[in-house]
Amino acid sequence: MTAGVREEPREAVRPRTPRRLPLPTLLALLVGFAGVGYRLALLFADVPPTNSDEATMGLAALHIARGDGFPVWFYGQAYMGTLEAYLAAPLVALAGPSVLVLRLPTLALYALFLLLSWRLTRRLGGDRWYALLVVAVLALGADRVVKNQLIAGGGYPELNPAGAALALLTVGLCVNGPGARLPRWAAWGLVSGVLLWVDPLILPYVLTLGVLLVAWRWRELAGRAGMVLAGTLLLGAAPMLADSIRHGRNPMAAVLAAGGAGSPAEWADRLYGALVLGPPLAMGFCSPGRCATWQLWWAVAFPVLLVLAALTAWHALRRASGDPGSAERVSAGVRLALLGGAAGVLAAYAVSNAAGQTPIESSRYLSCLAVAVPALLWPLWQAARPLAEVAASDRPAERQFAEVAVSEEGGYRHLPEVESIKATGGRAAGRTARVAGVGALAVLAGVLGTGVAATVDVVRAAPAVHAEADRHRSLVDTLGALDVRNVRGGYWTCNRLTFATGENVVCAVVDDDLTPGFDRLPAYRREVSADPDAAWVAPAGSPLAARLDERVGAESGALDVVTVAGWRIYLPRR
């Protein structure tokens, strides 16, 4: 009866313990979901406020969805690619034109940036707790930050995830080990080419990471890898190159002109805008539309931390093993490249006239400083972590000072890179380590605290932004009820109105003196000019409304006015 029965090994019947996420990874996941959820809630509250530039990208998406056109550039200019329009076009085709639909792809790009930044932090040797810190910093959303990340106005939402992807690909290409390398070379070239088409603001990172690849893998680049990289880079930049050849345009000249090359600003104003206002605004430490004095502390901390992080990375690079492909050496090299890219972005902004002319709004040009956060905060973490571990554990301090994170990919350990935190330096070194740790914890607390305060300011301002969006929806409904199809209005009115109505209302731009203004789509002006019953639209209390009020009256040829909350509609008397 039992001859055919075989005893199973114990391992086969032992119940498997379910695999659990480590606590810091789970917390990072929750913080990441909170960051995405916060931004989704802002979108439903119409925050950040939209404008006609974003609507211009929406009109491009609408035209792509209908098959009416496939624009290469943002309408009315020869730079800034329309990638966001192509990403949003399928959603616009399904759900119709709306700001929410236009911004869903940018929200997805932000979520991708969080994921890539977490992964990049781990690949650069950071432990899970440090990766959690990086995610927490990037999850905060001050005014300028959420505008850069969510407004589909061209260029900014896609820069950060693409920059983090390039850094990750660079790590994978430089570290020794088996793997399919040609697909990574292809991806690196394709992402770089697309970035050059979309917005050259990311170019400093492309250059510094590219220099690192040449230094580490020049032999591969001399062969098939170089051909693959060059081919995919040209493929990514193909829309820009084809249009430039076809029309004889120079996109770089257009970018320089947009930076204010035609109207010089004083150097004092440039440096103030770039070095004092720029970093706090770009990193999310300021209130909506302004920076309070106490929020400017990051203007002092940022350059100091940038230099300290660069020196730390350079020291680690020189101390690491001679093998260029060792994980320690690659980690230090990529961190140094990221910091060099951040410095290049800041320097390019400082020499532009935009930094001196419109520093609050133009700080968007520094949005890709966030790509360098895993490298920028590294020395603070290295100094603060041993102090935190000593306070939280009864283990010997010598053992804690010697411990660092183990890379998931590289499987390496290395001593902390700040020599003063070594436990072998005696009492003086121990006191220095404690002072450095306390200072680092204070700066990290300041980063999180200031970011939280600026994020709260955005939430407080949300009802007013939502109310303004409701007033604009009332304007759209009123125009529909009046059967108005063609209007004239200011620049910041026209394309927003046209997109909100799905081109059921077409608007031509006029200046405050009623003369023709800048139309990004000239066809709209031709259509409005052909309509003798075209109306006028102006925000209540604006200079344009004051000028049009002079034409309201009972005499022949005067205008009739219809008042909507926050808006005035002027109709020609029939």
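At what angle do the axes of helix α14 and helix α15 cross?

## Basis

This is a predicted model, in which local features need pLDDT of at least 70 and side-chain atom pairs count only at pLDDT 80 or more, while totals for chains, interfaces and linings use all residues. Residues are numbered from 1 along each chain as its sequence is written, and side-chain values use heavy atoms, with hydrogens and water left out.

## The helix pair

Helix α14 (residues 267-283) and helix α15 (residues 298-319) have axes that cross at roughly 85° and come within 8 Å. Helices are DSSP runs of H or I with at least four residues, strands are runs of E with at least two, and both are numbered from the N terminus. Axes are lines fitted to C-alpha atoms, for helices over the stretch in contact, and angles between N-to-C directions run from 0 to 180 degrees. The two helices, α14 and α15, are therefore roughly perpendicular (65 to 115 degrees).

From α14, L275, V276, P279, P280 and M283 meet W298, A299 and F302 of α15 (contact means heavy atoms within 4.5 Å). By class, this contact has eight nonpolar, no polar and no charged residues; Ala, Val, Leu, Ile, Met, Phe, Trp, Tyr, Cys and Pro count as nonpolar, Asp, Glu, Lys and Arg as charged, and the others, Gly among them, as polar.

## The sheet

Five strands form an open sheet with mixed pairing, in the order β2-β1-β3-β5-β4 (two strands pair if DSSP finds at least two bridges between them). Because β2 (506-509) and β4 (559-564) stand at the edges with a single partner strand each, one side of each lacks a neighbour in the sheet.

Strands β3 (residues 535-539) and β5 (residues 567-572) pair in the antiparallel sense over four bridges. A538 has R568 in β5 as its bridge partner.

How values were computed:
Angles under 35 degrees count as roughly parallel, over 145 as roughly antiparallel, 65 to 115 as roughly perpendicular and the rest as oblique.
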